[in-house]
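Hi,

Here is the structure I said I'd pass along.

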Amino acid sequence: MFTEENLKKLEALKKQYPTSRALTLPALWLAQEQFGWLSEDTMKYVAEQISVPFNHVYSVASFYTMYNKKPVGKFHIQVCTNISCQLLDSEKMVEFICTKLGVKKNEITSDGKYSVSEVECLGSCGTAPVLQINDDYHEKLTAENIESIIQSTSR
Ligand code: FES
């Protein structure tokens, strides 16, 4: 269930969008902000709230990598491995981060603090390689600055 505050936000969003289907992305985002990820039950709830078929909500959520279809860590590290970042060794950076944190890709550390995943283009190709931790971008990654970026999450 959405919180009272999020129900109010959803009602406000309904006035801003011309159709229920157009509301799918922000409604899913609202749900992810509240629940941390989108379970099938959450997607069904969102579908009911905006009066669209569940399969529509499911197809939208499964298309976009920014929607978490599994639980994620408190710090969700998303590394772009699309072409610009890949050419600058972002796949090796994923391996480095996973080794450093002792976690496999798409899994959560045992303390629930970190999860690591590869994502499609983050829209910042000019500053590749790029990763995102929760809502924050970190660009022009190097082996050295990745360490300090990860350390900064423990402060
Ligand atoms: S390819 Fe990585 S940000 Fe675009």
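**The H2/H3 crossing**

H2 and H3 cross in a right-handed way (left-handed if the near helix is turned anticlockwise from the far one by less than a right angle, right-handed if clockwise). Heads-up that this is a predicted model, where local features need pLDDT of at least 70, side-chain atom pairs count only at pLDDT 80 or more, and totals for chains, interfaces and linings use all residues. Numbering starts from 1 along each chain as its sequence is written.

On the H2 side, Thr24, Ala27, Leu28, Ala31 and Phe35 make the contact, and on the H3 side it's Thr42, Val46, Gln49 and Ile50 (contact: C-beta atoms, placed from the backbone, within 7 Å). Sorted by class, that gives six nonpolar, three polar and no charged residues (nonpolar is Ala, Val, Leu, Ile, Met, Phe, Trp, Tyr, Cys and Pro; charged is Asp, Glu, Lys and Arg; the others, Gly among them, are polar).

As for geometry, H2 covers residues 24-35 and H3 residues 40-50, and they pack at about 135° with axes 10 Å apart (axes are lines fitted to C-alpha atoms, for helices over the stretch in contact; angles run from 0 to 180 degrees between N-to-C directions). So H2 is oblique to H3 (under 35 degrees is roughly parallel, over 145 roughly antiparallel, 65 to 115 roughly perpendicular, the rest oblique).

Zooming out, the protein has seven helices and four strands (DSSP runs numbered from the N terminus: H or I, at least four residues, for helices; E, at least two, for strands). Their order from the N terminus is α-α-α-α-β-α-α-β-β-β-α.

Cheers

Technical notes: Two residues are in contact if their C-beta atoms, placed from the backbone, lie within 7 Å.
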